[in-house]
Amino acid sequence: MTKLTADQMYGAPAPLEPGEVVIARFAPDRQLYWRLHARMAVIGGVLAALALMIIGNPDPWVGPVAAALAMAMRGYYLRSEIFAEEWRLTNWRLLGPAGRIAPLARLKLARPFLGAVQLVTQNGDKHLIKYQVNAAAVVAQIMAAKEAA
């Protein structure tokens with residue numbers, strides 16, 4: 001499988017305005033990505049085994065095996081897309097993949113959300129900065145930049 005680059009998927013990153021400075025970059029963490037897939041496989045496997053036992057299937061071990069294979073395949077096929085995503089925090093805006101732009105002045109909420117950072121603007125636009133190891137620190141950095149803007 002060919003590895004996709006960010007420019008192939010999302011186009012060129014949004015250009016900086018005159019006087020705009022990049023403060024931080026937020027890229028997905030590989031270990032967290034695979035760790036969360038492993039957790040989904042365990043949870044899915046337990047639920048699948050329970051469902052198979054409830055309906056009386058004589059081979060409930062199939063559920064955990066299928067869940068592990070499904071999460072491994074999902075992780076493998078989505079990894080190039082996920083790892084191409086990078087968010088940049090500037091002194092005025094958050095610039096994300098696929099041309100996503102969230103001006104700090106219009107940012108209503110930034111909060112940790114299941115290993116990610118959820119951003120909500122005053123217009124109601126929602127964005128996720130996915131697979132962040134320390135989502136609380138990312139939120140603090142974004143809010144500090146918002147206060148400084």
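Author: What follows is a short chat about helices, sheets and a few residues.

Reader: What kind of model is it, and how are residues numbered?
Author: This is a predicted model, where local features need pLDDT of at least 70, side-chain atom pairs count only at pLDDT 80 or more, and totals for chains, interfaces and linings use all residues. Residues are numbered from 1 along each chain as its sequence is written, and side-chain values use heavy atoms, with hydrogens and water left out.

Reader: And what counts as a helix or a strand?
Author: Both are DSSP runs, numbered from the N terminus: helices are H or I with at least four residues, strands are E with at least two.

Reader: Start with helices. How do α2 and α3 cross?
Author: Helix α2 covers residues 30-54 and helix α3 covers residues 62-83. Their axes come within 8 Å and cross at roughly 155°. Axes here are lines fitted to C-alpha atoms, for helices over the stretch in contact, and angles run from 0 to 180 degrees between N-to-C directions.

Reader: What does that make α2 and α3 to each other?
Author: α2 and α3 are therefore roughly antiparallel. The cut-offs: under 35 degrees is roughly parallel, over 145 roughly antiparallel, 65 to 115 roughly perpendicular, and the rest oblique.

Reader: Which residues make up the contact of α2 with α3?
Author: They divide into 16 nonpolar, five polar and three charged. Nonpolar means Ala, Val, Leu, Ile, Met, Phe, Trp, Tyr, Cys and Pro; charged means Asp, Glu, Lys and Arg; the others, Gly among them, are polar.

Reader: What sits in the loop between α2 and α3?
Author: Asn-57 is found there. Asn-57 is partly exposed, with a relative accessible area of 29%. Buried means under 20% relative accessible area, exposed over 50%, and partly exposed in between (1.4 Å probe, protein chains only).

Reader: How far is Asn-57 from Gly-115?
Author: They are 58 residues apart in sequence and 35 Å apart in space, C-alpha to C-alpha.

Reader: New topic, sheets. What is the order of the four strands?
Author: The order is β1-β2-β3-β4, in an open sheet with antiparallel pairing. Two strands pair if DSSP finds at least two bridges between them. β1 (22-26) and β4 (101-103) are the edge strands, each pairing on one side only. From one strand to the next, the twist averages 15°.

Reader: How many bridges join β3 and β4?
Author: Three, in the antiparallel sense. Arg-93 stands opposite Pro-103 in β4.

Reader: What about the open sheet of three strands?
Author: Its order is β5-β6-β7, with antiparallel pairing. β5 (107-113) and β7 (126-129) stand at the edges with a single partner strand each, so one side of each has no neighbour in the sheet. Neighbouring strands of this sheet are turned by 20° against each other on average, direction ignored.

Reader: How many bridges hold β5 and β6, and how many hold β6 and β7?
Author: β5 and β6 (residues 116-121) pair over six bridges. β6 and β7 pair over four. Pro-112 has Val-117 in β6 as its bridge partner. Val-120 stands opposite Lys-126 in β7.

Reader: Which residues are on the covered face of β7?
Author: His-127 and Ile-129. The uncovered face has Lys-126 and Leu-128. In a regular strand the side chains alternate between the two faces of the sheet.

Reader: Which strands does α4 lie across?
Author: Helix α4 (residues 135-148) lies across β5, β6 and β7, at about 165° to β5. α4 also lies across β1, β2 (87-90) and β3, running at about 155° to β1.

Reader: Last one: phi angles. What about Leu-114 and Tyr-131?
Author: Most residues other than glycine have a negative phi. Leu-114 has a positive phi of about 50°, and Tyr-131 has a positive phi near 55°.

Reader: Are those two buried or exposed?
Author: Leu-114, in the loop between β5 and β6, counts as exposed at 74% relative accessibility. Tyr-131, in the loop between β7 and α4, counts as buried at 12%.

Methods: Contact means heavy atoms within 4.5 Å.
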